[in-house]
Amino acid sequence: MASDAWLTLVHAAAPADRRWLAALKSCGTAEALAARSRHALLALDLPVEAVERLKSPDSAAIERSRAWLAASDRRLVTFGDEHYPPLLAELVDAPLALWVQGANLSLLPGAQLAIVGSRNPTSGGRDNAQAFARYLAARGLTITSGLAIGIDGAGHRGALAEIGGTIAVLGGGLDSIYPRVHSDLAAAIAERGLLVSEYPPCVEPRKLHFPQRNRIIAGLTLGTLVVEATRRSGSLITARLAAEQNREVFAVPGSIQSFKSMGTHTLIKQGAKLVENAQDIVVELGQFLAAPTPAQESSAGDSRIEERYGLTTEESRVFQSLGPYPLHIDELIRRLAIEAGKLSGILLQLELKGIVQQLPGKLFLSTEKNGV
């Protein structure tokens, strides 16, 4: 159960106000901070109104929060707690605490990828988000998003049944699910994943909360994947924050005729990594996965293929670098650090053995592997 000092502190401090985190670090504990005199607190550059809330706490609000926390699947994860996400703790405006509801608290400090995008996507965009989420969550990445309709919801649904699970970060208290149309989805996430917010119970979602919420989504994750977005999409805020936090930014390209892809195309122009399939993300983030990467999962199958076709060490290395999606020969050269002429000869031998296919434009894929 959260201490009185922590409950008093989180009700007094304004979300996203970095001065409170600095004050907490200066004092060492919530108890030490709450015990400071008004004069000492103001000397820490804390706002007068918030200091008054700390010294004259709203007892009724604190009791409501204490009652909410009484359920076994609910917890207040405070800064410095063993379950507080280490990546989130890197932010200068990291939340003092997170209100959490769900069955799997271990997801919170684990490897996560944000999937965000349009609230009104095309059917293709929705399908892509769900397929990416399912594939990546099956390989141990937790899919994190904001429970919004559209791409967010598709990402959550795709990850729900997989080992990586999913986390929904809300823009209000966890007793105020928004949008309400996702109440059933939120309940399913609480059963198999986590609902998270920096806002205490009984705080209604407000427009200004969502940009603050987006910094948490970006801060929790190793990277952000934007599936579909217009030029004014809120998901671009999450992508910008991810870039500012030195996290990866991925974008799925779309039709040049569709305004719903203009935002993702802008991100790509600005340096986001163009993603054509989920394996592109595994290549970048595979080292962070607790679960086996696709290459590791298929190692036994690869060994059987190597034996069946009598592959040499070099042929095996090239074969293992290929998946079900085409890779340009220049990308293979970059990944494998093999001279172009030598690589062409190896690829030719693999083609003759029937386990690699060349497509127009010097693109190559494995005929023995399946993927999203």
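Visitor: At what angle do α1 and helix α6 pack, and how far apart are their axes?

Guide: Two packed helices are described by the angle between their axes and the distance between the axes. Here α1 and helix α6 (residues 59-68) pack at an angle of about 120°, and their axes are 10 Å apart. Axes are lines fitted to C-alpha atoms, for helices over the stretch in contact, and angles run from 0 to 180 degrees between N-to-C directions. Helices (H or I, at least four residues) and strands (E, at least two) are DSSP runs, numbered from the N terminus. Please note that this is a predicted model, in which local features need pLDDT of at least 70 and side-chain atom pairs count only at pLDDT 80 or more, while totals for chains, interfaces and linings use all residues. Residues are numbered from 1 along each chain as its sequence is written, and side-chain values use heavy atoms, with hydrogens and water left out.

Visitor: Which residues of α1 and α6 meet, and what is the handedness of the crossing?

Guide: A crossing is left-handed if the near helix is turned anticlockwise from the far one by less than a right angle, and right-handed if clockwise. The crossing of α1 with α6 is right-handed. On the α1 side, Asp4, Leu7, Thr8 and His11 meet Ala61, Ile62, Ser65 and Arg66 of α6; contact means heavy atoms within 4.5 Å. These residues comprise 3 nonpolar, 3 polar and 2 charged. In this division Ala, Val, Leu, Ile, Met, Phe, Trp, Tyr, Cys and Pro count as nonpolar, Asp, Glu, Lys and Arg as charged, and the others, Gly among them, as polar.

Visitor: How are α8 and α14 oriented to each other?

Guide: Angles under 35 degrees count as roughly parallel, over 145 as roughly antiparallel, 65 to 115 as roughly perpendicular and the rest as oblique. Helix α8 (residues 123-137) and helix α14 (residues 278-285) pack at about 40°, with axes 9 Å apart, and are therefore oblique to each other. Their crossing is right-handed. Phe132, Tyr135 and Leu136 of α8 meet Ala278, Gln279, Ile281 and Val282 of α14. This contact has 6 nonpolar residues, 1 polar and no charged.

Visitor: Which residues touch the most other members of the largest nonpolar core?

Guide: A nonpolar core is a set of buried Ala, Val, Leu, Ile, Met, Phe, Trp, Tyr and Cys residues joined through side-chain atoms within 4.5 Å. Buried means under 20% relative accessible area, exposed over 50%, and partly exposed in between (1.4 Å probe, protein chains only). The largest such core has 58 residues, of which Trp6, Leu9, Trp20, Leu76, Leu108 and Leu195 touch the most other members. Helix α1 (residues 4-12) gives the most to this core, with 6 residues. Leaving aside neighbours within four places in sequence, Leu9 is in contact with Trp20, Leu24, Ala30, Leu33, Leu54 and Leu96. A second, separate core has 24 residues, including Ala111, Phe132, Ile151 and Val275.

Visitor: Is Arg36 buried, partly exposed or exposed?

Guide: Arg36 has 29% relative accessibility and so counts as partly exposed. Its place is in the loop between α3 (30-35) and α4 (38-43). Not counting residues up to four places away in sequence, Arg36 touches Cys27, Leu41, Leu44 and Lys55.

Visitor: Where do backbone details deserve a reader's attention?

Guide: One is a cis peptide bond between Tyr178 and Pro179, with omega about 0°; Pro179 lies in the loop between β5 (166-169) and α10 (183-192). Another concerns phi: Ala337 is not a glycine, yet its phi is positive, about 55°. Ala337 is in the loop between α18 (329-336) and α19 (340-352) and is exposed, with a relative accessible area of 70%. Lys362 also has a positive phi, near 60°, and is found in the loop between β11 (356-359) and β12 (363-366). With a relative accessible area of 53%, Lys362 is exposed.

Visitor: How many helices and strands does the protein have?

Guide: The protein has 19 helices and 12 strands. Its C-alpha trace spans about 80 × 40 × 35 Å along the principal axes. Of its 372 residues, 53% are buried. Among contacts between residues at least 6 apart in sequence, 69% join residues at least 24 apart.
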